[in-house]
Amino acid sequence: MTNFIDYLLGGFSSGAVIALMAIALVLVWRSTRMVNFAQVGQAMFTTYIALTIQQQTGNWLLALVVAIAAGVVLGVIVFFLVIRPVKNSDSTGAIIATFGVLIALQAGAGMIWGGDPEGFVPPVDNSGLEIGGRIWPFSLYDILVLVVTAALVIGLTLLFTKTALGLSMRASAFNPEVARLSGVRVNRMLITGWAIAGGVGAVGGILIAPVSTISPTSFDILLVFAFTAAVIGGLDSLVGAVTFGIGTGLIISLISGYSDSSNAPVVALILLALNLLLKPDGVFSHHGSRSV
Amino acid sequence: MKYVLPLTHPLLSTENVSITLSGLKILDDVSIGVPQGTVTGLIGPNGAGKTTVFNIMSGFLTPDEGNVRFDGKKLKHIKTHHLTKMGISRTLQGVGLFESLTALENVMLGGSARVKSGIVADSLGMPWADSEQNKLRSQAMETLAEFGIADIADRYPGELPYPVQKRVAIARSLISDPKVLLLDEPAGGISASDMAELGRMIKSWTPKRTVLLVEHHMELVMEVCDLIWVLDAGKVIASGSPEEVRTNPAVLAAYLGEEVSH
């Protein structure tokens, strides 16, 4: 039982990061109805930028802010350079193009920063907290990760439900023609979706880096988990992405604890397959608007 | 009222508009005008090109020849998202509501183009963005109340009866305070009593607002329109008062096989 609680506790912060990456995938899905497989590549790239800044200045907050800005810019660049021209002809082509972007980003990062895994120093202590005479597998850094994630999720929820921008973005995703008739600048909303997704992904990358080390391909596995969480959550639901992101984190942690961490991706894919067989619209999807 | 054709200063008009889609000439040299402050009807058998006229006026399609003129200005490339700012509002066939937004949010969206706050202020939750949003929200509530449906503000369109959805759609098109309303079959699928009320409502908007109405229900068209244009196979075949159009042999011929209800 002690083991179980320990494994569970250990899964929360990685679950939070999976949730952030899943949110990024959902935001892109909502705006352009496609999955951006380059999302983790963008996060990897901005995390390298953050790493450079932290190595130069030692300032984690500055690194975070610059990484978010870079994530936003990168999101917009990917949208304009790759997605928009391809999307106009064929959306399957656009999805494949995102794989191209992923590979290009990984190659670019390898050329700039080298291929060796590098450590990322956490801003606060990452060793287990000692409470009640026992060391728990839960650190100050895990708390920071959860707080940042919660703040971001609340912020995004308010943005989508309480602001005109959020309203316009939801409308654009659902029916661009009618949104245009209502005076919404739909293209701008699509770009905004990609930009916010890039920023959220950047936060996810910088939060996971101290736990996982960073290399051009070290986030690839995150894509598997985030994609699973996003799809099971219904692809267009923030609540779904968060719920199943954290859920996936917990499951991975339990599996890694009781068996071996290399089994985790297999289990994630089995869950994905079961979801597609049993509830292909996802658990939190509205009105079955998904077409895979 | 009697209109001498061609109209001298219509508020909204098409000038010699032609368009070919997929090799078919959908509109052929169509010139119609909507005088300020009137309800003008656009009728014709199925496939006559009525909705295409709307699609050109709302920027979904660009004509091969000719142009749209609004308020004296020639519009060459119409940007759809500019329409509400210009003062043109369009409803769609069916209802065209956002299923994942509440009735209130649907109506708010119609007025969102006038909200000034930008992306940055919105994302950071700036107080002024908030107050603009609240203003829009209360305005949308008022509009729903005018239509007698304030109680369903937080319901989703899928949960509402069809006639109520139609009212929400019209409320959305009115909240931007348009000069011109383009109504695409507003009476489709509603009952006779609802239709009578719709007729009174459309009449009550004039002369402050101008209406261009595409409608299959002839009784509604004949009742509310000051001027009617008749399209058949992409060409204007007649125009005039409801009485003139009703008795026009060319119109009767075009509708042959389709019943004209009086």
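**Figure 1. Strand 3 and strand 9 of chain B.** In this predicted model, B:Gly41 has B:Ile228 of strand 9 of chain B as its bridge partner. Strand 3 (residues 39-43) and strand 9 (residues 227-232) of chain B are parallel and are joined by four bridges. Both belong to an open sheet of six strands in chain B, whose order is 6-7-8-3-9-10 and whose pairing is mixed.

**Figure 2. Helix 1 of chain B on the six-stranded sheet.**

**Figure 3. The four-stranded sheet of chain B.** This open sheet has the strand order 2-1-4-5 and antiparallel pairing. Strand 2 (24-34) and strand 5 (73-75) of chain B are at its edges; each has a single partner strand, so one side of each has no neighbour in the sheet. From one strand to the next, the twist averages 25°. Within the sheet, strand 1 (residues 12-21) and strand 4 (residues 65-70) of chain B pair in the antiparallel sense through five bridges. B:Ser18 is placed opposite B:Glu65 of strand 4 of chain B.

**Figure 4. Helix 1 and helix 8 of chain A.** Helix 1 (residues 2-32) and helix 8 (residues 186-212) of chain A pack with axes 8 Å apart, at an angle of about 170°. The two helices of chain A are therefore roughly antiparallel to each other. Residues that helix 1 of chain A brings to the contact include A:Val17, A:Leu20, A:Ala24, A:Leu27 and A:Ser31. Among those of helix 8 of chain A are A:Leu190, A:Gly193, A:Trp194, A:Val200 and A:Leu207. The residues of this contact comprise 15 nonpolar, five polar and no charged.

**Figure 5. Helix 6 against helix 8 of chain A.** Helix 6 (residues 164-174) of chain A packs against helix 8 of chain A at an angle of about 105°, and the axes are 9 Å apart. This angle makes helix 6 of chain A roughly perpendicular to helix 8 of chain A. A:Leu165, A:Ser168, A:Met169 and A:Ser172 of helix 6 of chain A meet A:Val186, A:Met189, A:Thr192, A:Gly193 and A:Ile196 of helix 8 of chain A. By class, the residues of the contact are five nonpolar, four polar and no charged.

**Figure 6. The crossing of helix 10 and helix 11 of chain A.** The axes of helix 10 (residues 238-258) and helix 11 (residues 264-278) of chain A come within 9 Å and cross at roughly 135°. The two helices of chain A are therefore oblique to each other, and their crossing is right-handed. Helix 10 of chain A contributes A:Ile251, A:Ile252, A:Ile255 and A:Ser256 to the contact, and helix 11 of chain A contributes A:Ala264, A:Val267 and A:Leu271. Six of these residues are nonpolar, one is polar and none is charged.

**Figure 7. The interface of chain A with chain B.** Contact involves 23 residues of chain A and 27 residues of chain B. The two chains bury about 2300 Å² between them, with 67% of that area on carbon and sulfur atoms. On the chain A side, A:Leu167, A:Leu181 and A:Ser182 lose the most area to chain B, together 28% of what that side buries.

How values were computed: Residues are numbered from 1 along each chain as its sequence is written. Chains are lettered from A and ligands numbered from 1 in the order in which they are written. This is a predicted model: local features need pLDDT of at least 70, side-chain atom pairs count only at pLDDT 80 or more; totals for chains, interfaces and linings use all residues. Side-chain values use heavy atoms; hydrogens and water are left out. Axes are lines fitted to C-alpha atoms, for helices over the stretch in contact, and angles run from 0 to 180 degrees between N-to-C directions. Angles under 35 degrees count as roughly parallel, over 145 as roughly antiparallel, 65 to 115 as roughly perpendicular and the rest as oblique. A crossing is left-handed if the near helix is turned anticlockwise from the far one by less than a right angle, and right-handed if clockwise. Contact means heavy atoms within 4.5 Å. Ala, Val, Leu, Ile, Met, Phe, Trp, Tyr, Cys and Pro count as nonpolar, Asp, Glu, Lys and Arg as charged, and the others, Gly among them, as polar. Two strands pair if DSSP finds at least two bridges between them. Buried area is the accessible area (1.4 Å probe) that two parts lose on being put together, summed over both.
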